[in-house]
Amino acid sequence: MTIGEWESRRIMDTRSIITVAKHKTGDKEPATLVLQEDIGELMERYYRLRLRLGYSRTNFFVTNRSEKVVKIYDDVNKTFGARLSATLFRRMVETEGRDHDAATSSGVAKALQHSEDTASRYYRVPDAAEAIRRQGNLDRVEHTALLKSYVDKHFEDFFPLIAHSPFPKTETAIDKIKESDIMIDYPSAAIDMDYIIKLQDRYDATLLAERVDVLAELVKLAGFDRANVSNYAIIDVAKKKKVHFFLNNLRYRRKILNKVLAKIKKGE
């Protein structure tokens with residue numbers, strides 16, 4: 001990016017849209033950067049300092065000796081102890097993008113300029129609205145990944161582990177996440193049914209052992225022992241005692257039945 005490209009940036013709402021002509025895949029299409037207000041303000045502060053070095057070198061980012069920055073990832077890795085590279089970064093974004101709908105995945109690919117077909121058909125500088133739309137696809141992927149990470153870390157705050165309580169219905173679970181304060185930080189995050197199913201699997205898997213103990217005790221209290229217990233008897237008891245939801249998750253139904261059956265037959 002050059003000084004001139006920063007000076008020629010466009011402003012939409014509070015966001016800055018910068019068009020960069022010369023870059024790795026510049027033969028396909030100029031790159032567009034969409035910066036939020038806080039980053040834009042930091043860039044402007046840097047720009048004011050950068051002007052002190054003059055225009056002898058047009059690169060926006062330069063070293064203290066006014067040399068071109070050529071190994072930015074090496075500098076980042078050295079400073080923060082990371083192992084980041086351009087290839088790794090793009091791969092991370094692409095991988096996260098695969099979990100989204102076709103339109104979002106396509107938008108992410110376009111933003112990363114990985115589609116030869118798209119590049120050949122849209123060989124032009126995107127206008128501000130198009131740049132914002134593309135950035136929206138990237139934001140959706142990033143926000144979704146960060147939100148899921150937060151939910152995973154605070155899982156029990158969202159879904160308290162109670163053996164006698166079923167996991168919330170899909171719509172309720174989605175609302176529980178979307179109505180939480182964390183959505184303020186990640187407003188573009190997408191929560192779909194597939195993700196909720198994964199959360200339910202985690203919930204049911206975590207409570208499996210406790211539910212086996214509960215159901216085994218109920219079966220024994222119903223008069224079943226090693227001589228007459230069966231899967232049908234266990235299912236019938238679960239229905240009568242209104243804990244049939246223990247067996248609703250097909251991923252774990254067989255495992256629960258087998259474990260309850262084994263406990264009864266062993267006299268535990």
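A residue counts as exposed when its relative accessible area is over 50%, as buried when that value is under 20%, and as partly exposed in between. Keep these cut-offs at hand for the tour.

**Stop 1: the whole chain**

Select the protein chain and display its helices and strands. There are 13 helices and three strands. The chain has 268 residues, and 36% of them count as buried. Now show the surface. The accessible surface is about 16800 Å². Carbon and sulfur atoms hold 52% of that surface. Next, think about contacts along the chain. Take the contacts with a separation of 6 or more: 59% of them join residues 24 or more positions apart.

**Stop 2: colour by confidence**

Colour the chain by pLDDT. The mean is 83, and 81% of the residues reach 70 or more. Where is confidence lowest, and where is it highest? Select helix H6, residues 116-121: the lowest mean, 42, is here. Then select helix H8, residues 155-158, where the mean is highest, at 96. Go back and select residues 118-125. The pLDDT is below 50 over this stretch. Beyond near neighbours in sequence, the stretch has 10 contacts in the model. Where pLDDT is low, predicted coordinates should not be read in detail. Move on.

**Stop 3: the sheet**

Select the three strands. They form an open sheet, in the order S1-S2-S3, with antiparallel pairing. Which strands are at the edges? They are S1, residues 10-12, and S3, residues 31-35; each pairs on one side only. On average, neighbouring strands of this sheet are turned by 25 degrees against each other, direction ignored. Strands of a sheet pair through backbone hydrogen bonds.

Zoom in on S2, residues 15-20. S2 and S3 pair in the antiparallel sense over five bridges. Click on Ile17. Which residue stands opposite Ile17 in S3? It is Val34.

**Stop 4: a salt bridge in a loop**

Show the charged side chains. Side chains of opposite charge can pair when their charged atoms come close. The structure holds 10 salt bridges. Begin with Arg57 and Glu67. Their closest N and O atoms are 3.8 Å apart. Both residues lie in the loop between helix H2 (37-50) and helix H3 (72-80), so the pair ties together parts that are 10 residues apart in sequence.

**Stop 5: a link between two helices**

Select Asp201 and Arg251. Asp201 is in helix H11, residues 193-221, and Arg251 is in helix H13, residues 250-265. The pair links distant parts of the chain, 50 residues apart. Compare the two ends. Asp201 is buried, at 12% relative accessibility.

**Stop 6: a buried pair**

Stay on H11 and select Asp204, which has its place in this helix. Arg211 is buried, at 2% relative accessibility. Asp204 is buried as well, at 8%. For another view of salt bridges, select Arg9, Glu44 and Arg48: shared partners join these residues into one network.

Return to Asp204 and show its contacts. Which residues does Asp204 touch, not counting those up to four places away in sequence? They are Arg211, Asn249 and Tyr252.

**Stop 7: a buried alanine**

Select Ala163. It lies in the loop between H8 and helix H9 (170-178). Ala163 has a relative accessible area of 4%; the cut-off for buried is under 20%, so Ala163 counts as buried. What is in contact with Ala163, leaving aside neighbours within four places in sequence? Select Leu207, Glu210, Arg211, Phe245 and Phe246. Finish with a distance. Draw a line between the C-alpha atoms of Ala163 and Glu210. They are separated by 6.7 Å, while the residues are 47 apart along the chain.

Note on methods
Residues are numbered from 1 along each chain as its sequence is written. This is a predicted model: local features need pLDDT of at least 70, side-chain atom pairs count only at pLDDT 80 or more; totals for chains, interfaces and linings use all residues. Side-chain values use heavy atoms; hydrogens and water are left out. Two strands pair if DSSP finds at least two bridges between them. Helices (H or I, at least four residues) and strands (E, at least two) are DSSP runs, numbered from the N terminus. Axes are lines fitted to C-alpha atoms, for helices over the stretch in contact, and angles run from 0 to 180 degrees between N-to-C directions. pLDDT is the predictor's confidence in each residue, from 0 to 100. Contact means heavy atoms within 4.5 Å. Buried means under 20% relative accessible area, exposed over 50%, partly exposed in between (1.4 Å probe, protein chains only). Accessible areas come from the Shrake-Rupley method with a 1.4 Å probe; for residues, only the protein chains shown count as cover. A salt bridge is a side-chain nitrogen of Lys or Arg within 4 Å of a carboxyl oxygen of Asp or Glu.
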